[in-house]
Amino acid sequence: MNFISTVLKQDLEIDKIYTVHYFEFAKNYVFEGESHPFWEFVYVDKGEVDAVSEKDVIHLTKGQIIFHKPNEFHTLMADGVTAPNILIVSFECNSETMKFFENKVANIDDHGRRLLANIIAESETAFSTPLDDPLTIRLERSENAEFGCEQFIKIGLEWLLLSIIRNDTAKRPKAPVSLIKENSQNEVFNKIVDYMEANIDRQLKLTEICRDNLVGRSYLQKLFREKTGGGAIDYFNHLKINAAKRMIRESSGNFTEIAIKLGYNSIHYFSRQFKSITGMTLSEYASSVKILTGKSSNI
């Protein structure tokens, strides 16, 4: 029997990437604008921003993504109230399918967010170039890059774009049982995260989280290990420190006042936990925000 191979159809293929950025901007951040001969998307991980293109001003909120086509002049600015976290990726793709993304704004679902998180994680190991350097014009390969990390970035980006097109143009098929189970877990996880964020000014204990969300301790810990790689309290502590970083960028009080707002009984404990999680002291982080604002001439 003579087998005949099937060449797999490529609806789009990303040939090159130029930059991968993850920024934690101050609330008054303003980018003066640029244009370049390749694609770029801006994803709002936290906060809100105004994306300005040649044709329009689009207000983006958490979970939204906007695409800028090649040679389109575009700028970006925070709303003056919230300090946003922004992922920006620029890449080359010459597929005809990319016409779909001209002036495209989309909402990213849980699956898309996981793809974006993986792209960031693989970029951090693939390249030695810091992801928060706005002056980056070339990604330098890391000597300690893990096997396959660049291909994972390529696959992740292509999967993301294909998913956005499919979700926009076709009805989703009925979910299989395994996916229904995963969606149920996602709902519980998201509910607990919302609860943590609503109680960010407290020092929560596992017993309180379990009681108020009607989940068992073992299930709670298993769920967070699967979703985050760590425990529930560890995740909550990271949420608190992320909130502290946002408050610093929004100038929402001095360090002691921020510690009190987040339920810390001691500024010293707050400072130790901040450095343990971020690798920087409070003062070093505050200074880095000012430096980033000063470097914002090119993203």
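Leaving aside residues up to four places away in sequence, E250 touches K27, V81, T82 and A83, where contact means heavy atoms within 4.5 Å. This glutamate sits in the loop between α6 and α7, and E250 is buried, with a relative accessible area of 10% (buried means under 20%, exposed over 50% and partly exposed in between, with a 1.4 Å probe and protein chains only). The model is predicted, so that local features need pLDDT of at least 70 and side-chain atom pairs count only at pLDDT 80 or more, while totals for chains, interfaces and linings use all residues. Residues are numbered from 1 along each chain as its sequence is written, and side-chain values use heavy atoms, with hydrogens and water left out.

Helix α1 (residues 110-126) packs against helix α2 (residues 149-169) at an angle of about 160°, their axes 9 Å apart; axes are lines fitted to C-alpha atoms over the stretch in contact, and angles run from 0 to 180 degrees between N-to-C directions. The two helices α1 and α2 are therefore roughly antiparallel, a word used for angles over 145 degrees. Their contact involves, among others, L115, L116 and I119 of α1 and F152, I153 and L160 of α2. By class, this contact of α1 with α2 has 10 nonpolar, 6 polar and 2 charged residues (Ala, Val, Leu, Ile, Met, Phe, Trp, Tyr, Cys and Pro count as nonpolar, Asp, Glu, Lys and Arg as charged, and the others, Gly among them, as polar).

Another pairing joins helix α4 (residues 206-213) to helix α5 (residues 217-228), whose axes come within 10 Å and cross at roughly 100°. That makes α4 roughly perpendicular to α5, the term covering 65 to 115 degrees. Here L206, T207, I209 and C210 in α4 meet R217, L220 and Q221 in α5.

L220 also belongs to the largest nonpolar core, where I192, M196, L220, F224, L262, F270 and F274 touch the most other members among 33 residues; such a core is a set of buried Ala, Val, Leu, Ile, Met, Phe, Trp, Tyr and Cys residues joined through side-chain atoms within 4.5 Å. Helices supplying at least two residues each include α3 (177-198), α6 (232-249) and α8 (267-278), and the largest share, 8 residues, comes from α6. Apart from this core lies another, of 32 residues, among them W39, F91, I120 and L160.

Note on methods. Helices (H or I, at least four residues) and strands (E, at least two) are DSSP runs, numbered from the N terminus. Angles under 35 degrees count as roughly parallel, over 145 as roughly antiparallel, 65 to 115 as roughly perpendicular and the rest as oblique.
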